[in-house]
Every structure is written in structure tokens, then in C-alpha cells.
Amino acid sequence: LYDGGIVTRVDAVSLGVMVNRDAVRFYDEGEDFWPKRYAIWGRLVAMQPGQIGYCIIDSQAIGRFMPPVFPGVRADTLPELARALGLDEQRFMQTLTAYNEACRVGTFDHTVLDDCHTEGLAPPKTHWARPIDRPPYYGYALRPGITFTYLGLKTDAEARVYFGGAPSENLFVAGEMMAGNVLGQGYTAGVGMSIGTAFGRIAGTQAARAAGKEAAHALA
Ligand SMILES: Cc1cc2nc3c(=O)[nH]c(=O)nc-3n(C[C@H](O)[C@H](O)[C@H](O)COP(=O)(O)OP(=O)(O)OC[C@H]3O[C@@H](n4cnc5c(N)ncnc54)[C@H](O)[C@@H]3O)c2cc1C
């Protein structure tokens, strides 16, 4: 079973480590807060072999993130967890041991970019780094999903669809179909709902006005 679409909806990434199918870490899990993580982890997992990643946490993380839809895999030891996830046990233990030894734990605080970090590890974990050494252990398989694309129709503030550089008189757009006009890259929380409602109202008003004009023209 995999995360239901958006990788960081299993939002334990920053509380543990992420490894790929080869049981190797591939990015700084402590780089930033959700929702900045939201946009980058799907892409990162998509770039891994087999487009799969595994979020590894221990009991210290439990209760600190939104309960995931899928229960994940639970084990009493790290080697047991590796086997249950189908990962190379030796490589997994090398990765986890190197990470645990590199942790420099300061004052853990998941609400700020705290001072718990790794030293001498590549890639580093720059915040919220604590050794993963308190059983039971949990692993969540994560796959990327599509939330939206950056493609769609060109439009303007009046929601008019552009053809060949000119605005249409009677075709208007709102929501996902115009997301690329607002977001070129990255993600801003709530943008999907915002452009759907704001431009939905504009496009609807404009469409009604255009239809009214056409009706008046037909009657004249
Ligand atoms: C997993 C996931 C999580 C998300 N989380 C958030 C979030 O937390 N916050 C946020 O702001 N946004 C979020 N979004 C984005 C947000 O859901 C979308 O931006 C928004 O729902 C888009 O609305 P829309 O009306 O533009 O398009 P849609 O909701 O996709 O509506 C398009 C409709 O058109 C219908 N349709 C398609 N083709 C035809 C056809 N030929 N004839 C008739 N009907 C057709 C489809 O069936 C669909 O009902 C998320 C998206 C996903 C996938």
C-alpha cells in the first residue's frame, strides 16, 4: 500500500529519514516546513529508482504528525523493518547507523527550524535530526502523485481565454485549467481552491455578461 497521492500527506518525512529502493538517503528531510515540502518531495521520489521512497521513523515521531491513511509497516528492530519493507538489510543498517551517528541533537522543536542537525553526513539533515533508535520502528512506502500541472490555458485578470495572443469574447476559464498563469513552479498552500473560487466567480460573471450581449444582439 502506498500513500494516497501526495507524498507529504504521510507527513512524517521531517521526523525521520527517507531512503530509496537502494536503502540510501537522497535529500535533506529537515530542510523546511510543510507546505514547502509538499511540492518538492513528490518530485524527489519520482526521481528515485522505481519512483518509490520509504519514510522511516521511530516511536518518538508518533503523535507528532497527521495519522496517515495507510498504517505502514511496524517492526521492533531496524533490521526487521528493512526486511519487512523488502530493502537490503545491510545497506539499510549502514544508512541508519551513519545517520544516527551524525545526529547532533540540540533542543528539539518541530514548530521551528530547530538546532537538531547532522554533521559530516551527505545529504545532511539540517533540522529535527534525532537518532532513530527508539522502537517500535515504522516505515511508509511513498509514491509521487499529481496534484495539478503547470499547464493549461492562457488567461488574464478577467478570466478571458487567449487564442493567438488575443482574448476571447466568450470563453472564460477558472481553476486547474489556468493554474499555470498563477504558479510557474512550486506551490502555495490553498492555491487550487483559491483560483477555483476567485476566478470561478470572475469567469461566471463574464460568461453571463457575454451571453447577455449575444442574446441582445440576436434580438436586435
Ligand atoms: C490529492 C489532491 C489534493 C489537493 N489538495 C489541495 C489543497 O489542500 N488545497 C487546495 O487549494 N487545492 C488542493 N488540490 C487542488 C484542488 O483540488 C484543485 O485545484 C481543484 O479541485 C480544481 O478545481 P477545478 O474545478 O478547477 O477542477 P476539477 O475539480 O478537476 O473539476 C473539473 C471537472 O470537470 C469534469 N470534466 C472533465 N472533462 C469533462 C468533460 N469533457 N465534460 C464534462 N465534465 C468534464 C471532471 O469530471 C471534474 O468534475 C488538491 C488536488 C489533489 C488532486
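Me: About how much space lies in the second largest pocket?

Reply: This is a predicted model, where local features need pLDDT of at least 70, side-chain atom pairs count only at pLDDT 80 or more, and totals for chains, interfaces and linings use all residues. Residues are numbered from 1 along each chain as its sequence is written, and side-chain values use heavy atoms, without hydrogens and water. A pocket is an open set of points on a 1 Å grid over the protein atoms alone, where a 1.4 Å probe fits, with protein on both sides within 12 Å along at least five of seven lines. Its volume is the space filled by probe spheres set on the points. Here that is about 220 Å³.

Me: Which element gives the most to the lining of this second largest pocket?

Reply: Lining residues have an atom within 4 Å of a point. Helices (H or I, at least four residues) and strands (E, at least two) are DSSP runs, numbered from the N terminus. Helix H5 gives the most, with five residues. Gln206 is one of the lining residues, and it sits in H5, residues 191-219.

Me: Is glutamine 206 buried or exposed?

Reply: Buried means under 20% relative accessible area, exposed over 50%, partly exposed in between (1.4 Å probe, protein chains only). Glutamine 206 is buried, at 12%.

Me: Which residues are buried in helix H2?

Reply: In H2, residues 78-85, they are Leu78, Leu81, Ala82 and Leu85. Seen down the helix axis, they fall within an arc of 100 degrees, so they line one face. The arc is taken from the directions from the axis to the C-beta atoms.

Me: What follows H2?

Reply: Glycine 86, with a positive phi near 75 degrees.
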